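Please report on how the secondary-structure elements of this chain pack against one another.

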Amino acid sequence: MPAITFTTRGGLDKSTLRQANERLILSTIRQNPAVSRADIVRITGLSPSSVTFIVSRLRREGLVSEEARGSRAVVGRQPIGLRLIPDARLAVGLDITLSGARIAVGDLSDTIVARRHVPWTANYNVFFDRIHSHLHQILEPLGAGRALGVGVTLPGFIDRKTGKVIAAENLNWFGVEAGSLIRRDLAVPFYFENMAKASAVAEMWSSQRDVTPLRDFVFVSCRSGLGTGVIINGQVLQGTDSAASEFGHVSINPQGIRCPCGNVGCWERYASDLALSERYAARVRSGQGTADSVQIAALARKGDRDAMEVIQETAHFVGLGFVNLIVTLNPEAIIVGDFLSEAWDLLEETVWATVRSRVPAYCLPNVRIVRSRHGSEASLVGGAVPGDDEFLSEIRSRLQGAPSQSGRHSRDRITYPAESGDPPWIEAEKQRR
Ligand SMILES: [Zn+2]
C-alpha cells in the first residue's frame with residue numbers, strides 16, 4: 001500500500017482538520033481504487049465513524065461511487081469498494097511554450113479527455129486573447145460546479161499568485177501580466193506554476209499508484225532552455241520567492257558564455273536544446289542553415305557524424321549538471337523530460353559516463369535516471385493537476401460554495417457525529433474475517 005503523504009500548513013482549527021481528513025480520504029480512494037471503508041480506516045488511522053460520515057458526504061456530492069467487490073462465492077454481505085467518479089470534476093491544464101499554447105482537460109482518473117492547441121503569436125496580447133477564447137469555450141458548458149480550475153504552466157521566473165512572468169529570457173518576456181490577460185472574466189480558480197516544477201508535480205502525482213511513489217527527485221525539462229523542478233519529501237522546493245531550484249542558471253564555468261540572466265557560464269548555456277543547436281550551427285557553419293534539436297537528433301540517428309559529435313558533447317554537459325544535482329540533493333531519481341526524454345537513447349551512455357567519473361560510487365547505488373512517463377507533455381499534465389493537496393482541497397471548496405483563493409479554507413462548520421460504536425459496514429467486515 002503506498003504511503004499516504006499529507007501535510008497542512010499552520011495550526012489546525014476544526015474546519016481545517018475536517019478538510020484535512022476529507023483530503024486524506026479522497027487521496028486514499030484515488031490511490032487505491034475500489035478501496036473499502038475498512039481499508040480507509042486502516043490506511044488513514046481515522047475513526048470508523050469519521051470515515052463513514054465523510055464518505056457519505058462525498059457520495060451525496062457525486063464525487064465517489066460504490067461498487068461490489070470480491071467473490072460471489074463468499075456467503076453474506078459483499079464488500080463494497082469506493083472509487084472517484086472520473087468526470088465528476090474536470091481540471092484544465094494550459095502550457096505556454098515557444099511553439100504555442102497546449103490546452104488539456106483532465107478528469108479525476110488522470111485521463112486527458114480533450115485537447116486544443118493555440119499557435120504561437122509574437123504579439124502576446126493577441127496570443128493571450130486567443131487562449132482566453134479557447135478557455136471560455138471549454139469552461140462555459142462545464143459550469144462552475146464541474147470545473148476545478150485552470151493550471152497554467154509558464155517558463156521562467158513567475159509570480160505564482162498572479163501569473164505575472166517576471167523574466168522568461170527565452171520568450172523575451174519581462175514583466176508580462178500573462179495571468180490577468182488570460183484570466184479576465186473567467187470565474188474559476190487559476191493556478192500558476194513554473195514549467196519544470198509543474199512537470200515534477202505531474203511525475204509525483206502519477207507515481208502515487210506505484211509500489212514505491214516518488215518522494216525525492218529532480219525533474220529536468222529541456223525545451224527552449226533548461227529548467228529543474230525539485231521535490232523533497234513529497235513537496236515542491238519553492239524557496240522564499242518561488243524561485244528555488246533554478247539549476248539551469250548555476251554556473252559550471254566562471255569564464256564561460258554570458259547568460260541573459262546576468263550570470264556567466266550557466267549550465268543551460270551548455271546543456272540545453274538551444275545549446276545543442278548553437279553547437280551544431282558553429283560546427284557546420286552557415287550555408288547549411290540551422291537545425292533545431294529534434295532535427296539534429298534525427299540526423300544523428302541517420303549516422304550524421306557532426307550531429308552525433310555535438311550530441312555527445314552536449315550529453316557530457318548534461319552529465320556535469322547531473323553530478324551537481326546528485327551530490328547536492330541525493331535524489332532517488334533524475335527524471336528527464338522534453339528533448340532530453342526524446343533523445344535519451346542518444347545521450348544516456350555519455351551522461352552516465354560523466355556521472356560515474358565524478359560521483360563516488362557509494363553515492364550512486366540508489367540513483368536512477370529515467371525518462372518522464374509523460375514524455376514531452378509533463379508540464380501540460382502538471383497544469384491539469386495543480387498540486388496534489390490543492391487539487392483535492394479545491395474539490396472540497398467547490399462543493400462548499402465560493403472557492404477560496406487557496407482552496408484551503410471553508411466557511412461552513414460541520415461537526416462529526418459522536419463516535420459511538422462501529423457502523424454497520426465495520427460489523428460486516430468483522431464477520432467476514
Ligand atoms: Zn543564466
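The model is predicted. Five strands make up an open sheet of mixed pairing, ordered β5-β4-β3-β6-β10. The edges belong to β5 (112–119) and β10 (190–194). Each of these two has a single partner strand, so one side of each lacks a neighbour in the sheet. From one strand to the next, the twist averages 20°.

Inside this order, β3 and β4 run antiparallel to each other, paired over eight bridges. Gly 93 sits opposite Ala 104 of β4.

A helix also packs on the sheet: α6 touches β6 and β10. The direction of α6 lies at about 105° to that of β10.

| Strand | Residues |
|---|---|
| β3 | residues 90–97 |
| β4 | residues 100–107 |
| β5 | residues 112–119 |
| β6 | residues 147–154 |
| β10 | residues 190–194 |

**Helix pair**

Two packed helices are described by the angle between their axes and the distance between the axes. For α9 (residues 293–301) and α10 (residues 305–329), the axes come within 7 Å. They cross at roughly 120°. The crossing of α9 and α10 is left-handed.

Which residues of α9 meet α10? Ile 296, Ala 297, Leu 299 and Ala 300 do. Their counterparts in α10 are Ala 307, Met 308, Val 310 and Ile 311. The contact of α9 with α10 comprises eight nonpolar residues, with no polar and no charged ones.

Note on methods:
Residues numbered from 1 in each chain as written. Predicted model: local features only at pLDDT ≥ 70, side-chain atom pairs only at ≥ 80, totals over all residues. Axes fitted to C-alpha atoms, helices over the stretch in contact; angles between N-to-C directions. Helix = DSSP H or I, 4+ residues; strand = E, 2+ residues; numbered from the N terminus. Left-handed = near helix turned anticlockwise from the far one by under 90°. Contact = placed C-beta atoms within 7 Å. Nonpolar A, V, L, I, M, F, W, Y, C, P; charged D, E, K, R; others polar. Pairing = 2+ DSSP bridges.
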